[in-house]
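Okay, thanks for having me on the agenda.

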Amino acid sequence: MALVDVKGVTKRFGGLTAVSDVDLTVNVGEVHCLIGPNGAGKSTLFKLIVGLYPPTKGNIFFDSIDITEERPFARVQRGMSIKMQAPSVFKELPVRQNIQIALQGRFSGAERDVEEERLLTLLDLASESSKLAGALSHGQQQWLEIGMALALQPQLLLLDEPTAGMSPEETFKTGELIKSFNAEGMTVLVVEHDMAFVRQIAQRVTVLHLGKIFARGSLETIIQDEKVAEIYLGKTHAH
Amino acid sequence: MFKLLDGPQTLGRGRTFWSCFLAVLAAALIYPVFADSYDVGNFSYFLIWVFMALGLCLIWGYGGMLSFGQTFFFGISGYAYGVLAINMGGGSTTIAALVLSVIIAMIAAGILGYFMIWGGISGIFFGIVTLSATLVLAFFLGQTAGPEWHIGTARLNGFNGMKGMDPLTVGDFYIEGSALYYVMVALIVIVYIALRMLVNSRIGNVIVATRENPQRAEMLGYDVRKYQLLTFIIGSGLAGLSGALYTSWGQFITPSSIGLPAAAMPIVWVAFSGRSDLTATLVGSFLLLFGFQTITVYSQQAALVLMGTLLLATVMLAPQGFVLGVGKLVVDRWTRRRRRDANSTLADAGRLQSDEA
């Protein structure tokens with residue numbers, strides 16, 4: 001059953017067509033990775049799904065409801081949760097307050113306090129909770145933002161390059177975290193460059209190239225697809 | 001409730017702070033007993049402007065929207081009070097006129113804010129649009145000298161300003177002198193406490209989150225536009241409260257209290273004080289108004305130059321604000337000293353134990 005259904009979406013910026021007539025389905029309960037070389041249109045498609053860009057043409061459905069015209073906050077209220085590419089936290093506020101702001105829409109009172117501690121422990125940020133978020137390392141800020149996205153207990157977690165700037169250990173840990181949430185039933189859509197990370201988490205993969213869908217299928221199918229390797233995976237295989 | 005008063009968005013928490021607060025309040029309450037009526041009247045005048053400063057602190061410091069429109073709403077409410085008080089016949093109706101004029105300012109803020117915020121105006125453009133609205137109102141009121149410019153029996157009177165309205169009155173009792181001073185003190189305490197609770201509440205959390213990163217706040221499911229509009233309406237309403245109180249205090253209002261020099265003043269008070277904290281703004285604005293008034297007695301030009309100099313010094317030396325900077329320094333030293341005392345007590349306890357062993 002489709003949780004997200006992107007139908008015939010095109011996005012043009014003046015004369016440049018960043019995304020062209022794309023169809024994409026993300027099924028309930030899967031970890032779906034969106035990959036492709038630089039300039040393929042991955043981030044644009046991501047921003048179209050979260051509502052930061054309006055599409056030039058086409059429609060986007062969430063849980064069978066047309067959300068094409070809805071603003072990002074309304075999509076979040078429907079059950080999406082988003083982590084952007086660059087760390088986007090409240091830098092001048094303490095770490096704990098960042099988590100509280102994310103939690104307060106869904107929890108209150110003692111329940112919120114319990115959830116707050118659980119998330120801070122899960123993210124290894126308990127000892128840093130009184131620091132300003134801007135004082136955290138890049139990787140920790142990425143984690144904090146993932147924690148804020150998880151605090152909403154979404155049906156669909158959208159992650160745009162969640163491991164950018166992380167060490168290999170942090171990247172692996174993030175992958176395991178995503179897998180554990182997926183095991184509990186959360187659907188995840190990830191835009192990612194790092195193929196090792198994609199191999200760690202992906203169940204289904206969609207490859208974008210020059211703004212169009214180039215290939216799609218299970219992780220194994222995509223890895224063995226020679227045309228995909230030609231446009232994107234070749235260098236990664238060499239590692 | 002106590003959690004809201006002592007929340008993370010306000011500097012000054014705990015027993016020490018509230019003891020100081022009560023001591024200052026007690027001093028303010030007994031001040032008229034010892035001071036002469038001229039000084040009490042002056043203090044009432046300073047306190048009138050504090051509402052406008054607190055409103056700007058909320059809009060700019062907490063909400064992240066630099067508004068040059070405080071005197072726009074001050075003027076709307078001030079003139080509204082005049083028109084209502086004159087047309088409603090004075091007396092006790094002046095209280096209704098005060099309330100209605102603040103509501104009118106808030107409605108105006110709602111309309112202007114809606115078009116700006118829903119239109120996506122932010123950053124420096126927010127300042128430009130609010131300043132434009134302010135200058136247009138001041139210019140418009142300046143050319144209303146002719147007899148055709150009247151609302152009911154209230155004449156606008158152009159640059160000479162509107163006059164002839166009653167001060168705040170209950171029955172036959174004019175709220176003036178010490179009575180006005182006590183009303184001001186009571187209103188400031190109510191507004192200050194209410195704002196502290198607001199900024200430390202869940203709504204306050206979203207307001208500061210929107211200031212820090214509006215896109216992230218929206219990505220957490222908050223319609224940030226509604227929170228920005230609410231902030232703008234409350235802050236502008238406080239400017240309206242200043243305007244209505246000012247008109248009732250002096251029984252006149254002129255366009256010069258709206259124009260560019262007047263519009264710049266709240267920015268200087270709040271920037272100097274520390275825009276991101278209500279207490280710093282309250283204390284700093286009062287001190288600046290007091291200083292400004294004292295110097296104005298000798299030379300108004302010198303007072304204006306001093307204000308400009310203070311703004312420049314703030315930008316160069318203490319972008320967070322001088323009063324807030326000093327406040328943070330005091331809090332840091334106090335906390336460090338308490339920690340050191342606690343550590344030495346622990347060390348003493350340890351030594352005693354080892355001695356006993």
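Let's begin where the two domains of chain A meet: nine residues of domain 1 of chain A are in contact with seven residues of domain 2 of chain A. Helix H6 of chain A, residues 168-183, gives three residues to the domain 1 side, the largest share. By class, that side has five nonpolar residues, three polar and one charged. Keep in mind, this is a predicted model.

So where are those domains in the chain? The assignment puts domain 1 of chain A at 1-79 plus 155-239, and domain 2 at 87-153. Going by C-alpha atoms, their centres are 25 Å apart.

Now, the sheet. In chain A you'll find an open sheet of four strands, in the order S2-S1-S4-S5, with antiparallel pairing. Which strands stand at the edges? Those are S2 (16-27) and S5 (65-66) of chain A; each has a single partner strand, so one side of each has no neighbour in the sheet. Strand S1 of chain A, residues 2-13, is joined to S2(A) by eight bridges, and the two run antiparallel. If you want a spot to look at, find Val4(A), which sits opposite Val26(A) in S2(A).

Last bit, the two chains. How many residues does each chain bring to the contact? Chain A brings 19 and chain B brings 16. On the chain A side, the elements giving two or more residues are helix H2 (72-78) and helix H3 (95-103). That side of chain A splits into eleven nonpolar, six polar and two charged residues.

Conventions: Residues are numbered from 1 along each chain as its sequence is written. Chains are lettered from A and ligands numbered from 1 in the order in which they are written. This is a predicted model: local features need pLDDT of at least 70, side-chain atom pairs count only at pLDDT 80 or more; totals for chains, interfaces and linings use all residues. Domain bounds come from an automatic or database domain assignment. Ala, Val, Leu, Ile, Met, Phe, Trp, Tyr, Cys and Pro count as nonpolar, Asp, Glu, Lys and Arg as charged, and the others, Gly among them, as polar. Two strands pair if DSSP finds at least two bridges between them.
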